[in-house]
Amino acid sequence: MGASHETIAAESLGVMKDLAATMETITDEATAKAAKPRLKDLSAKMQAIKEGMAKLGTPTEEQVKGMLDNYGKQMEEYQMKIVGSGMKIIVLSYSDMPSS
């Protein structure tokens with residue numbers, strides 16, 4: 001059986017979970033450098049997911065509803081964690097800058 005919108009959504013959720021967990025480990029420059037290889041790997045996985053989605057074309061309304069029912073809450077949760085971690089990383093990067 002080949003890829004479906006459902007399997008790609010599940011794969012995307014797994015990558016988002018890994019991304020959120022990886023970003024939460026970043027607390028300073030050293031942990032950011034340590035996380036870089038994993039972030040590159042996750043970026044490549046997300047690119048492959050994007051390409052897989054493009055090959056499948058637009059999902060039907062029914063497929064979208066099913067994916068939202070199955071994965072929507074979790075995806076939203078991981079998106080919030082990713083955004084929160086991203087904001088934390090931005091703040092950390094500015095706190096390390098020399099003041100004028």
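Modeller: A salt bridge here is a side-chain nitrogen of Lys or Arg within 4 Å of a carboxyl oxygen of Asp or Glu, and the model we are discussing is a predicted one.

Colleague: How far apart are the closest N and O atoms in the salt bridge of Asp 41 with Arg 38?

Modeller: Both residues lie in helix 2, 3 residues apart, which is about one turn of the helix. Side chains of opposite charge can pair when their charged atoms come close. For Asp 41 and Arg 38, the closest N and O atoms are separated by 2.7 Å.

Colleague: Is Asp 41 buried, partly exposed or exposed?

Modeller: Buried would require under 20% relative accessible area and exposed over 50%, with partly exposed in between. Because the relative accessible area of Asp 41 is 32%, this residue is partly exposed.

Colleague: Which residues are linked with Arg 38 in a network of salt bridges?

Modeller: Arg 38 forms a salt bridge with Asp 41, and both of these residues belong to a network. Besides Arg 38, the residues linked in that network are Asp 18, Asp 41 and Lys 45.

Colleague: Which helix gives the largest share of the lining of the largest pocket?

Modeller: The largest pocket, with a volume of about 310 Å³, is lined by 18 residues, and His 5, Ala 9, Met 53, Met 67 and Met 75 lie nearest its centre. Helix 1, helix 2 and helix 3 each give two or more residues to this lining. The largest share, 6 residues, comes from helix 3.

Conventions:
Residues numbered from 1 in each chain as written. Predicted model: local features only at pLDDT ≥ 70, side-chain atom pairs only at ≥ 80, totals over all residues. Heavy atoms only, no water. 1 Å grid on protein atoms, 1.4 Å probe; cavity = no way out; pocket = protein on both sides within 12 Å on 5 of 7 lines; lining within 4 Å. Points joined across faces, edges and corners; volume = space filled by probe spheres on them. Helix = DSSP H or I, 4+ residues; strand = E, 2+ residues; numbered from the N terminus. Buried < 20%, exposed > 50% of the residue type's maximum accessible area, 1.4 Å probe, protein only.
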